[in-house]
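Q: I am new to this structure and would like to learn how to read its features. Please take them one at a time, with the general idea before the case.

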Amino acid sequence: MKKKYIWAIIASALSLVLLMSGCISNQASNNTQNEISDSSDTTATAVSNQSDSITIMVSGKLNPEDASPIESSTEMCLYEMVYEPLVKYGKGGVIEPGLAERWEISDNGTQYTFYLRKDIKFSDGTSFNADSVVSSAKHWDPTRFSTPLTNVEKLDDYTVMLTFKENCYPVLIELTYPRPFRIASENSFDENGNFVKMIGTGEWMVESYVPEEEVVMVPNPYYYGTKPNINKITIRKVTDGESRIMALQSGEADLSLADLPSESKSIIESSKNLAVTNTEGTLGFFLMLNQENTALQDENIRLALNYAIDKDSIVENIFGGDAVAAKGILPDTVPYVNDENSKGYSYNPEKAKELLVESGYTDSDGDGIVDKNGVPLSLKLVFQSEEYASWKSMCEYLQASAKEVGIDIQLEQLDTSAYYDAIWKNRDFDMIIYRTYEDSWNPHGFLRSMFYQSEGSTSVCWYDPQLNTDLDEVIKAQDEATRQAKYDQIFKLINDKALVVPLCYPNKQYVYNTRLQNVTVAPTSYEGIEWQLITIAK
């Protein structure tokens with residue numbers, strides 16, 4: 001009773017804070033709203049109690065003014081709600097019609113002819129046609145495909161042909177990505193080609209927004225598909241996991257697309273006003289290792305780190321069973337991953353200690369940390385908890401586990417911006433907890449992003465010359481048997497050389513207010529929910 005009473009007080013306080021924040025935000029965003037919407041009296045207030053509106057929470061960047069369909073780090077759900085692709089990534093990875101109702105691929109696999117729908121308009125009322133595809137393609141980076149895009153040709157008003165340098169199997173999959181190959185109105189860009197406004201053919205359009213706080217979405221009046229049952233979605237940025245769960249409890253938010261603290265599971269289960277959708281996903285958590293660290297260049301050290309971790313304990317004690325203990329870097333819900341090519345390493349601390357001794361590491365001074373030539377084996381583990389609330393607990397557990405075998409781990413928590421700088425810019429870590437990509441990006445897109453090293457660049461995760469060759473060859477493999485054999489080599493190499501430390505595969509979960517009905521998980525995590533199916537209980 002005491003715990004419930006305390007939560008009630010906190011929830012009430014949060015409601016007051018959010019209400020006050022909404023009032024302040026409305027005043028601060030008047031100019032921005034006038035630029036985005038024809039209605040100057042629209043306000044970005046909390047709407048979760050309105051019968052035709054819902055409020056959802058995200059944790060990433062929330063800047064529609066930067067949400068070019070080509071390149072931006074804004075929350076992926078915005079791209080999915082506003083922009084549409086030529087083809088869609090359906091359930092089970094099946095490629096389905098999108099803006100193109102059908103397509104043909106030439107015998108040599110380099111030319112893709114798309115036959116476009118004729119009943120589509122952008123949210124600004126302009127018509128979608130072949131010119132729209134040609135216009136959008138001018139902004140694409142042709143080298144972002146697995147093989148360079150060499151030509152985009154309008155064959156007639158509703159037929160367009162894309163020509164690529166080589167025959168690579170992932171091309172259609174890459175066209176489904178939330179970015180950078182979505183189709184936007186020509187009016188999304190100014191005469192100099194600079195992005196100015198989100199204008200797409202999707203279900204939703206931006207009505208107003210407060211940068212880095214919230215975005216108000218309303219239905220696209222010209223949308224050709226199933227019309228949504230709700231009239232407004234407020235997307236609110238909430239970077240703290242505990243604040244997200246309190247907002248759900250208080251009713252200030254209806255649904256969270258962002259991760260919630262694993263410790264809140266019992267709170268959610270005991271709440272009559274909250275429900276959860278729970279399904280297997282394609283996401284994995286793992287430790288990325290810095291190849292420039294001399295100690296980590298020793299395969300025995302990498303293996304010792306894998307053996308030192310009880311992944312079943314992580315699943316049970318941190319995730320409450322709502323995850324799967326990892327074997328390889330990607331779960332077997334991803335194409336081409338299986339038990340044979342991703343065997344992983346069982347929990348065996350004694351084996352970890354043996355490997356450390358084999359590499360010359362002993363506890364020479366009796367302080368509990370192994371050393372070599374007087375230098376202790378100490379590693380900095382970097383993490384953030386804004387996007388994934390469970391990472392702090394996980395990293396604290398990893399620190400304790402490593403100490404049991406004599407490895408010292410120093411934890412460093414960063415804000416999200418500094419965290420991503422550590423990965424993509426300054427490489428300031430020995431180890432960093434990271435997540436795989438999901439759905440359409442797996443496996444080829446994620447693997448190439450992490451391990452592939454093109455000429456003049458440095459691989460993000462780890463460089464291995466054989467792995468580089470295999471990643472080049474697999475995207476050109478046209479028959480499934482050859483492709484599977486090549487992926488077997490790729491996953492086995494990553495596993496056998498312990499290039500990463502896989503941790504777990506969390507289930508895909510969305511917690512929502514029970515006033516929402518027909519909450520259906522979308523085919524991809526980037527969409528999150530089938531928004532057009534949601535209804536609100538009367």
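Q: How close do the axes of helix α13 and helix α15 come, and at what angle do they cross?

A: Two packed helices are described by the angle between their axes and the distance between the axes. Axes are lines fitted to C-alpha atoms, for helices over the stretch in contact, and angles run from 0 to 180 degrees between N-to-C directions. Helices (H or I, at least four residues) and strands (E, at least two) are DSSP runs, numbered from the N terminus. Here the axes of α13 (residues 444-451) and α15 (residues 480-496) come within 13 Å and cross at roughly 45°. This is a predicted model, in which local features need pLDDT of at least 70, side-chain atom pairs count only at pLDDT 80 or more, and totals for chains, interfaces and linings use all residues. Residues are numbered from 1 along each chain as its sequence is written, and side-chain values use heavy atoms, with hydrogens and water left out.

Q: Which word describes how α13 and α15 lie to each other?

A: Angles under 35 degrees count as roughly parallel, over 145 as roughly antiparallel, 65 to 115 as roughly perpendicular and the rest as oblique. α13 and α15 are therefore oblique to each other.

Q: Is the crossing of α13 and α15 left-handed or right-handed?

A: A crossing is left-handed if the near helix is turned anticlockwise from the far one by less than a right angle, and right-handed if clockwise. α13 passes α15 in a left-handed crossing.

Q: Which residues of α13 and α15 meet?

A: Contact means heavy atoms within 4.5 Å. From α13 come His444, Leu447 and Phe451, which meet Tyr487, Ile490, Phe491 and Ile494 of α15. For the make-up of a contact, Ala, Val, Leu, Ile, Met, Phe, Trp, Tyr, Cys and Pro count as nonpolar, Asp, Glu, Lys and Arg as charged, and the others, Gly among them, as polar. In the contact of α13 with α15, 6 residues are nonpolar, 1 is polar and none is charged.

Q: Why is α13 described as largely enclosed by the rest of the structure?

A: Buried means under 20% relative accessible area, exposed over 50%, partly exposed in between (1.4 Å probe, protein chains only). In α13, 7 of the 8 residues are buried, so the helix is largely enclosed by the rest of the structure. The buried residues are His444, Gly445, Phe446, Leu447, Arg448, Met450 and Phe451.

Q: What about Asn495, buried or exposed?

A: Asn495 is found in α15. Its relative accessibility is 12%, so Asn495 counts as buried. Leaving aside neighbours within four places in sequence, Asn495 is in contact with Asn341, Ser342, Lys343, Gly344 and Tyr345.

Q: How many residues does the largest nonpolar core have?

A: A nonpolar core is a set of buried Ala, Val, Leu, Ile, Met, Phe, Trp, Tyr and Cys residues joined through side-chain atoms within 4.5 Å. The largest one has 147 residues, and those with the most contacts inside it are Phe114, Ile235 and Phe451. Helix α3 (residues 76-82) gives the largest share of this core, 6 residues. A second, separate core of 11 residues includes Met57, Val238, Ile245 and Met246.

Q: At what angle do helix α9 and helix α11 pack?

A: α9 (residues 311-318) and α11 (residues 391-404) pack at an angle of about 140°, with their axes 11 Å apart. That makes α9 oblique to α11. Their crossing is right-handed. Ser313, Ile314 and Ile318 of α9 make the contact with Ser393, Met394, Tyr397 and Leu398 of α11. The residues of this contact divide into 5 nonpolar, 2 polar and no charged.

Q: What is the phi of Glu212, and where is Glu212 found?

A: Glu212 has a positive phi of about 60° although it is not a glycine. Glu212 is found in the loop between β8 and β9 (214-219). With a relative accessible area of 33%, Glu212 is partly exposed.
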